[in-house]
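Here are my notes on the complex you sent over. Please read them with the model open beside you.

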Amino acid sequence: MTVKRTSSFVSRVIAISLLLIAVTTVSAQSRKEAIAEKSAKAEKDSVAFFRGVAVSADVVGLTQLAFSDYGQYEAALRINLKDRYFPVFELGYGTADADNPTTNLRYKTSAPYWRVGVDFNIAKNKHDAYRVYAGARYAMTYYKFDVSGNGLKDPVWGDDITYNVKGMKANYHWMEAVFGVDAKIAGPFRLGWSVRYRRRIAHNDGEIGNTWYVPGYGKQGRSRLGGTFNIIFEI
Amino acid sequence: MRTSTISTAIAMVALFMLAACSSIDCPLNNRVYATFRLDGDITKMEDTLTVAVPRSIDYKDNDTVIINRLADFDSIALPMSYQRTTDVYVFTIKQKDSEMRTTDTVWVEKENNPHFESVDCNPQFFHTITDVKFTTEAIENITINYNKVTYNDGKAHFLIRFKGHSN
């Protein structure tokens, strides 16, 4: 009787084990099939290499121009490659006309600048109406600036001072790390913004010390962070 | 959609930080001085020194004192004019023992170069010293040691030796 019970227990265990193995095998197989289906779908998700072109204008620079002594007009051309890679060319014109009544100094400059780089769409679904970008830019500008002072006096000797520097040549080269998003609003019309971290890589401030505003880079000595808010037309 | 909301929040914080980060970075040491250091072995001048400079004719007083009765010094720093090509300093030395006063005049010839930091910082002029001349009542010799004058020079611009001292 004891032997019979033991053999029946063993046979039950074997039977259950075999069933479990079978179930596991079936579920693993079905998973493999699902993965294979997915990869087949992914293969089917092939899009054209060239997906379009977008032209955009920055509003932040215009706002700066309206409410402060400096700012810039900026437009960008962006190419869409497979909804993933976005080579970008940005062209702008920076201008400043600032004076300080305390120091009686005035600074003027106007010059073009450009940036070139690439953005990567890091969104999970790259074909979504929303895009999340991470990218980098190389930027440069060659510019001239004027500094003039009126009513200046030598504090010790008391002489009237002429402080007038015209057409001082300078240049700036810098890199930008970019993080941004944009979203489709209607038809080809999109809106987006970007935050940028700037890092100067080479510069020539001219022969009189520093420059105050660098077209496209902003005021020297301020935060290295910058930003854009873009109105975009994508074709 | 959720990613976009988070991204928007990050951007807003970044922009507020951007707006908050404004500062004026003018140099703290913003006066341009020419420094005269005692030449030779002497470490301290015990006689009393007063230095005056002639001012613009617009001023009621003809001159202004820039160092008043300084004693026990090993070097002095004198402001330079912004745009004159020659700065004139009148040195009056009162001897410690005899209390006898002697006056010498020093002419420093220089080129003036405007210097700019920011519209928020006072204008400055840096200088390149080209020559120095002096009378020799109490001063024995002055030599140019370093001819660039800015607000951040580590070297003395002139080495000065007075008569009657072993320096």
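The points below take confidence first, then chain A, then chain B and the cores.

1. **Confidence.** This is a predicted model. The predictor gives the complex an ipTM of 0.77 and a pTM of 0.76. For chain B, the mean pLDDT is 84. In that chain, 81% of the residues reach 70 or more.

2. **The barrel in chain A.** Chain A holds a closed barrel of eight strands. Follow the strands in the order 1-2-3-4-5-6-7-10. The pairing is antiparallel. From one strand to the next, the twist averages 25°.

3. Look at strand 2 (residues 70–81) and strand 3 (residues 85–100) of chain A. Ten bridges link them in the antiparallel sense.

4. **A helix across the strands.** Helix 2 of chain A covers residues 60–67. This helix lies across strand 1 (50–58), strand 2, strand 3 and strand 10 (225–234) of chain A. Its angle to strand 2 of chain A is about 175°.

5. **A:L191.** This residue sits in strand 7 of chain A, which spans residues 189–204. Is A:L191 exposed, partly exposed or buried? It is partly exposed, because 15 other C-beta atoms lie within 10 Å, and a residue needs 20 or more to count as buried. Leaving out residues up to four places away in sequence, A:L191 touches A:D182, A:A183, A:I185, A:I231 and A:I232. A:E74, from point 3, is 117 residues away from A:L191 in sequence. In space, the two are 15 Å apart, C-alpha to C-alpha.

6. **Layout of chain B.** Chain B has one helix and ten strands. Along the sequence, the pattern reads α-β-β-β-β-β-β-β-β-β-β. Of its 167 residues, 23% count as buried. Take the contacts in chain B between residues at least 6 apart in sequence: 54% of them join residues at least 24 apart.

7. **The open sheet in chain B.** Six strands of chain B form an open sheet, in the order 3-2-5-6-7-9. Pairing is antiparallel here too. Why is one side of strand 3 (63–70) and of strand 9 (148–149) of chain B left without a neighbour in the sheet? Both stand at the edges, each with a single partner strand, so one side of each has no neighbour there. Inside the sheet order, strand 5 and strand 6 of chain B run antiparallel and share nine bridges. B:Y89 has B:V106, in strand 6 of chain B, as its bridge partner.

8. **The largest nonpolar core.** In soluble globular proteins, nonpolar side chains tend to be buried together. The largest nonpolar core here has 27 residues, and B:A34 and B:V149 touch the most other members. Strand 6 (160–186) of chain A supplies at least two residues of this core. So much for chain A; from chain B, strands 1, 4, 5, 6, 7 and 10 each supply at least two. Strand 7 of chain B gives the most, with four residues.

9. Setting aside residues up to four places away in sequence, B:A34 touches B:L78, B:M80, B:V108, B:V149, B:H157 and B:F158. Another core, of 20 residues, lies apart from the largest one. Among its members are A:Y113, A:Y143, A:V147 and A:W174.

Notes: Residues numbered from 1 in each chain as written. Chains lettered and ligands numbered in written order. Predicted model: local features only at pLDDT ≥ 70, side-chain atom pairs only at ≥ 80, totals over all residues. Pairing = 2+ DSSP bridges. Axes fitted to C-alpha atoms, helices over the stretch in contact; angles between N-to-C directions. Contact = placed C-beta atoms within 7 Å. Buried ≥ 20, exposed ≤ 12 C-beta atoms within 10 Å, placed from the backbone. Core = buried A, V, L, I, M, F, W, Y, C linked by C-beta atoms within 7 Å. pLDDT = per-residue confidence, 0-100.
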